[in-house]
Amino acid sequence: DIDCGEGINTVMVPPAAKAAFKELDFEMMRPYPHSVDVKDSIIQYWKGYCPLNYKRIVLCDGSVSGLYLINRLFLERGHKLIYIDNPNNPTGQAIPLADIETILAAANKNGTAVVIDEAYGEYIPKKNSAVSLLDKYENLIVARTFSKGFGLAGLRAGYLLIPECLAPYIANITN
């Protein structure tokens with residue numbers, strides 16, 4: 001069970017994350033948020049689940065800044081946007097991928113974007129992540145962070161995985 005109500009990693013930092021953090025070259029973060037190395041790592045992390053490229057990855061100052069960016073892009077009078085925490089905060093309950101796909105398909109028919117906030121996504125298997133649905137639905141955006149599962153809240157690093165068709169619009173806001 002996970003208690004997402006604390007808003008922090010209550011099960012401590014995994015040993016592999018601690019070791020990786022000790023060897024982290026902070027110079028690679030200097031050009032943040034446009035670092036190719038960070039994007040390469042994200043592409044490698046999701047290899048086998050979704051073919052990603054640089055355009056589909058938006059690096060953010062924590063996933064919350066990614067959510068602000070999505071709001072700036074989509075929210076206007078009369079526009080609908082579906083937002084889902086998965087796993088949920090504070091219950092820790094995970095929505096089955098089949099149910100998320102049902103929501104995506106229905107929302108797609110109505111031209112509605114769906115944001116799956118996977119801030120606690122490291123607590124569910126990768127195969128249950130909405131990331132695996134990115135190639136199937138152009139209305140899906142996945143928000144991820146390094147704060148919770150990796151215990152790196154102080155680094156303020158997160159990212160959005162977006163459909164490629166949104167890349168020029170997000171670039172207009174971020175550049």
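Predicted model: local features only at pLDDT ≥ 70, side-chain atom pairs only at ≥ 80, totals over all residues.
The protein chain has 175 residues, and 41% of them count as buried. Its accessible surface comes to about 9,700 Å², with 54% of that belonging to carbon and sulfur atoms. If we take the contacts in the chain with a separation of 6 or more, 71% of them are between residues 24 or more positions apart.

Now to the interior. In soluble globular proteins, nonpolar side chains tend to be buried together. Here the largest nonpolar core holds 24 residues, and those that touch the most other members are Ile42, Leu52, Leu134, Leu140, Tyr159 and Leu161. At least two residues of this core come from each of helix H2 (36-45), strand E1 (57-60), H4, strand E3 (113-117), strand E4 (140-145) and strand E5 (158-161), and H4 gives the most, with 3 residues.

Let me turn to helix H3, where Ile70 lies. Is Ile70 buried or exposed? Its relative accessible area is 3%, and because buried means under 20%, Ile70 is buried. Apart from neighbours within four places in sequence, Ile70 is in contact with Leu75, Leu81, Val115, Ile141 and Leu160. For one of these, Leu81, the separation is 11 residues in sequence and 9.5 Å in space, C-alpha to C-alpha.

How do H3 and H5 lie relative to each other? The axes of helix H3 (residues 63-74) and helix H5 (residues 167-174) come within 10 Å and cross at roughly 105°, and the two helices are therefore roughly perpendicular to each other. On the H3 side the contact is made by Leu69, Arg72 and Leu73, and on the H5 side by Tyr169, Ile170, Ile173 and Thr174. Sorted by type, the residues of this contact are 5 nonpolar, 1 polar and 1 charged.

I would like to finish with the loops. Most peptide bonds are trans, which is the background for the next two cases. The bond from Asn86 to Pro87 is cis, with omega near 0°, and the bond from Asn89 to Pro90 is also cis, with omega near 20°. Pro87 is placed in the loop between strand E2 (81-85) and helix H4 (97-109), and Pro90 is likewise in the loop between E2 and H4.

Not counting residues up to four places away in sequence, Gly121 touches Pro87 and Arg144. Gly121 is buried, with a relative accessible area of 4%. Along the chain Gly121 and Thr145 are 24 residues apart, while their C-alpha atoms are separated by 8.5 Å.

Conventions:
Residues numbered from 1 in each chain as written. Heavy atoms only, no water. Buried < 20%, exposed > 50% of the residue type's maximum accessible area, 1.4 Å probe, protein only. Contact = heavy atoms within 4.5 Å. Areas by Shrake-Rupley, 256 points an atom, 1.4 Å probe, with all protein chains shown as cover. Helix = DSSP H or I, 4+ residues; strand = E, 2+ residues; numbered from the N terminus. Axes fitted to C-alpha atoms, helices over the stretch in contact; angles between N-to-C directions. Parallel < 35°, antiparallel > 145°, perpendicular 65-115°, else oblique. Nonpolar A, V, L, I, M, F, W, Y, C, P; charged D, E, K, R; others polar. Core = buried A, V, L, I, M, F, W, Y, C linked by side-chain atoms within 4.5 Å.
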